[in-house]
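Visitor: I would like to go through this model with you, one question at a time. Could you show me the sequence and the structure before we begin?

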Amino acid sequence: MTDSPQELIRAIEQADSPGRLVASVRALAAARLEAGIPILIAALGYNNPGAAVAAVEGLIQMGEAAVQPLLEKLDGYDYGARAYAIRALAAIADPRALDILVEAAATDFAPSVRRAAAKGLGNLRWHQLSVDQIQSALARASETLLLISQDPDWAIRYAAVVGLQALSSQLEVLPSIQKRLEEMAQDNDSAVRARVQLAHQSLVISH
């Protein structure tokens, strides 16, 4: 017999060990209930990485239904919860998340949040935007990624390359991306240079 939504939520609230909390969050996530979205979002900040990962997976499975609640409840203080929320929004790839992903990639104090946002910016479902919206949205995404590709932190530059490679599927911004990747071929970090080379190969194959 399948547990009711109330029972699934109650199991999370009454979990008396880290393991039971993870199992309860997984059960709620697997049920794919819109009523469970606020509880899954709350689980991002439970100081239990297993529960947070399960909640992220559940929110991603909920797709577009989870976007607005995530945007409304994004925690500005708990950098861990914020990173998980950004990861979910990036994976869902709804363009309604553009503003928060741009802000997070450019200015967030937590490197993990900035990396997740950078990767997400390249993969948004641009076709969901109107013709009037898409040009300015692409410009904002590309400008942000080009900016952070100059960051002092090699891991941020690496994430920017991942985002730029994904965004290069949009012909409107392809020339500026190609130019920046050529410049980054001389990056002082070997991991970044290797990722740039991979992006170059992908561009050659796809274009």
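This is a predicted model: local features need pLDDT of at least 70, side-chain atom pairs count only at pLDDT 80 or more; totals for chains, interfaces and linings use all residues.

Visitor: Is Asn123 buried, partly exposed or exposed?

Guide: A residue is buried under 20% relative accessible area and exposed over 50%. Asn123 has a relative accessibility of 44%, so it counts as partly exposed.

Visitor: Which residues does Asn123 touch, not counting residues up to four places away in sequence?

Guide: Contact here means heavy atoms within 4.5 Å. With residues up to four places away in sequence left out, the residues that Asn123 touches are Ala93 and Ala166.

Visitor: How far apart in space are Asn123 and Gly19, C-alpha to C-alpha?

Guide: In sequence, Asn123 and Gly19 are separated by 104 residues. In space, taken from C-alpha to C-alpha, Asn123 and Gly19 are apart by 34 Å.

Visitor: Ala93 interests me as well; what is its phi, and where does Ala93 lie?

Guide: Most residues other than glycine have a negative phi. Ala93, which is not a glycine, has a positive phi of about 70°. As for its place in the chain, Ala93 lies in the loop between α6 and α7.

Visitor: Is Ala93 buried or exposed?

Guide: The cut-off for burial is a relative accessible area under 20%. Ala93 has a relative accessibility of 5%, and therefore it counts as buried.

Visitor: What is the phi of Arg32, and does the residue count as buried or exposed?

Guide: Arg32 is a residue other than glycine with a positive phi, near 55°, and it is found in the loop between α2 (18–31) and α3 (37–43). Its relative accessibility is 52%, so Arg32 counts as exposed.

Visitor: Which elements do the buried residues of helix α7 pack against?

Guide: Helix α7 spans residues 98–107, and its buried residues are Leu98, Ile100, Leu101, Val102, Ala104 and Ala105. The elements against which these buried residues pack are α5 (67–73), α6 (79–92), α8 (111–121) and α9 (131–148).

Visitor: How are the rings of Trp154 and Tyr158 arranged?

Guide: A search of the whole structure finds one aromatic pair. The ring centres of Trp154 and Tyr158 lie 6.3 Å apart with their planes at 90°, so the pair is edge-to-face. Both residues belong to helix α10 (residues 154–167), where, because they are four residues apart, about one helical turn separates them. Trp154 is partly exposed at a relative accessible area of 43%, and Tyr158, at 29%, is also partly exposed.

Visitor: With which residues is Val161 in contact, leaving aside neighbours within four places in sequence?

Guide: Val161 lies in helix α10 and has a relative accessible area of 0%, so it is buried. Its C-alpha is 6.9 Å from that of Ser149, twelve residues away in sequence. Leaving aside neighbours within four places in sequence, the residues in contact with Val161 are Leu181, Met184, Arg195, Val196 and Ala199.

Visitor: How far apart in space are Glu183 and Val196, C-alpha to C-alpha?

Guide: Glu183 is found in helix α11 (residues 174–184) and is partly exposed, with a relative accessible area of 39%. Glu183 and Val196 are 13 residues apart in sequence, and their C-alpha atoms are apart in space by 9.6 Å.

Visitor: Turning to the whole protein, how many helices and how many strands are there?

Guide: From the N terminus on, the elements run α-α-α-α-α-α-α-α-α-α-α-α. The count for the protein is therefore zero strands and twelve helices.

Visitor: What is the radius of gyration of the protein?

Guide: The C-alpha atoms fill a box of roughly 55 × 40 × 30 Å along the principal axes. For 207 residues, a compact globule would have a radius of gyration near 17 Å, and this agrees with the value for the protein, 19 Å.

Visitor: How far apart lie the centres of the positive and negative side chains?

Guide: The protein has 18 positive and 23 negative side chains. The centres of these two sets lie apart by 5 Å.

Note on methods:
Residues are numbered from 1 along each chain as its sequence is written. Side-chain values use heavy atoms; hydrogens and water are left out. Helices (H or I, at least four residues) and strands (E, at least two) are DSSP runs, numbered from the N terminus. The radius of gyration is taken over C-alpha atoms; the globule rule is 2.2 Å times the number of residues to the power 0.38. Lys and Arg count as positive and Asp and Glu as negative; His and the chain ends are not counted. The place of a charge is taken as NZ of Lys, CZ of Arg, CG of Asp or CD of Glu. Rings of Phe, Tyr and Trp (its six-membered ring) pair if their centres lie within 6.5 Å; planes under 30 degrees apart count as stacked, over 60 as edge-to-face and the rest as tilted. Buried means under 20% relative accessible area, exposed over 50%, partly exposed in between (1.4 Å probe, protein chains only).
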